[in-house]
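Here's a quick briefing to read alongside the model. Have the sequence and the 3D view open as you go.

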Amino acid sequence: MPTTVRAGSSSSLMWAGAGVVFVGVMTTLDAVALVVQGELLGAVLTVLFGLLVIAAGAALFLLARRASARVDHRGVTWSTMLGARGFVPWEQIHHVSVPGMGEPGDAVLLWLHDGSVVPVAPLRKTQSADDCTGPHPWYLRAGSTVVRAHQQWLAAHAARGRAGGGHGLS
């Protein structure tokens with residue numbers, strides 16, 4: 001089953017975007033009071049400003065929503081707010097690690113069979129290495145989700161390999 005994992009900061013920005021949209025809607029509705037008072041120019045300016053605020057809030061919401069990672073039967077797909085999308089299929093992944101605060105790496109890491117390491121950009125640690133409180137719980141949950149999905153894929157692939165005549169993992 002596909003699972004979308006989102007950074008805590010992305011979730012917060014989604015809520016902020018929704019809040020900005022709400023403020024924009026309320027600002028736009030305020031134009032009605034200005035029309036009733038006969039302030040037509042003020043009403044037009046208020047509607048224009050409200051629509052601008054709604055557009056800014058919607059853009060923030062959509063960009064924050066885009067910053068996520070998705071794990072499914074094929075592998076790990078991710079994108080940042082403005083960056084390119086990334087994808088690594090399970091077949092290429094040797095193992096997944098979730099670096100702690102004192103360990104190198106600032107995101108969940110995909111260690112590939114060819115020896116390269118690919119960070120899952122939206123699943124970054126949210127605290128600095130000198131913070132003694134440890135990684136943020138959302139980061140640990142997100143990393144655990146990716147690790148579990150990879151382990152499930154490995155187990156299913158190994159079972160198919162045994163059932164299919166020994167074409168399991170190499």
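Contact here means heavy atoms within 4.5 Å. With that in hand: Gly24 is in contact with Gly50, Val53 and Ile54, leaving aside its neighbours within four places in sequence. What you're looking at is a predicted model, where local features need pLDDT of at least 70, side-chain atom pairs count only at pLDDT 80 or more, and totals for chains, interfaces and linings use all residues. Residues are numbered from 1 along each chain as its sequence is written, and side-chain values use heavy atoms, with hydrogens and water left out.

**Gly24**
- Gly24 sits in helix α1 (residues 8-36); helices (H or I, at least four residues) and strands (E, at least two) are DSSP runs, numbered from the N terminus.
- Gly24 counts as buried because its relative accessibility is 0%; buried means under 20% relative accessible area, exposed over 50%, and partly exposed in between (1.4 Å probe, protein chains only).
- Thr46 is 22 residues away from Gly24 in sequence, and their C-alpha atoms are 9.6 Å apart in space.

- Strand β2 (residues 68-71) and β3 run antiparallel, joined by four bridges; two strands pair if DSSP finds at least two bridges between them.
- Three residues link β2 to β3 in a hairpin, and Ala69 stands opposite Trp78 in β3.
- Strand β3 (residues 75-79) also pairs with strand β4 (residues 86-89), antiparallel and over four bridges.
- β3 and β4 make a hairpin too, with six residues between them.
- Across that pairing, Trp78 faces Gly86 in β4, while Val76 faces Val88.
- β3 is mostly covered, with four of its five residues buried.

**The largest pocket**
- The largest pocket has a volume of about 200 Å³.
- On a 1 Å grid over the protein atoms alone, a pocket is an open set of points where a 1.4 Å probe fits, with protein on both sides within 12 Å along at least five of seven lines; lining residues have an atom within 4 Å of a point.
- Grid points are joined across faces, edges and corners, and the volume is the space filled by probe spheres set on the points.
- Among the lining residues are Met1, Asp72, Trp90, Arg148 and Trp153.
- Helix α3 (residues 137-163) gives the most to the lining, with five residues.

**Thr145**
- Thr145 is one of the residues lining the largest pocket, and it lies in helix α3.
- Thr145 counts as buried because its relative accessibility is 17%.
- Not counting residues up to four places away in sequence, Thr145 touches Thr3, Val5 and Val71.
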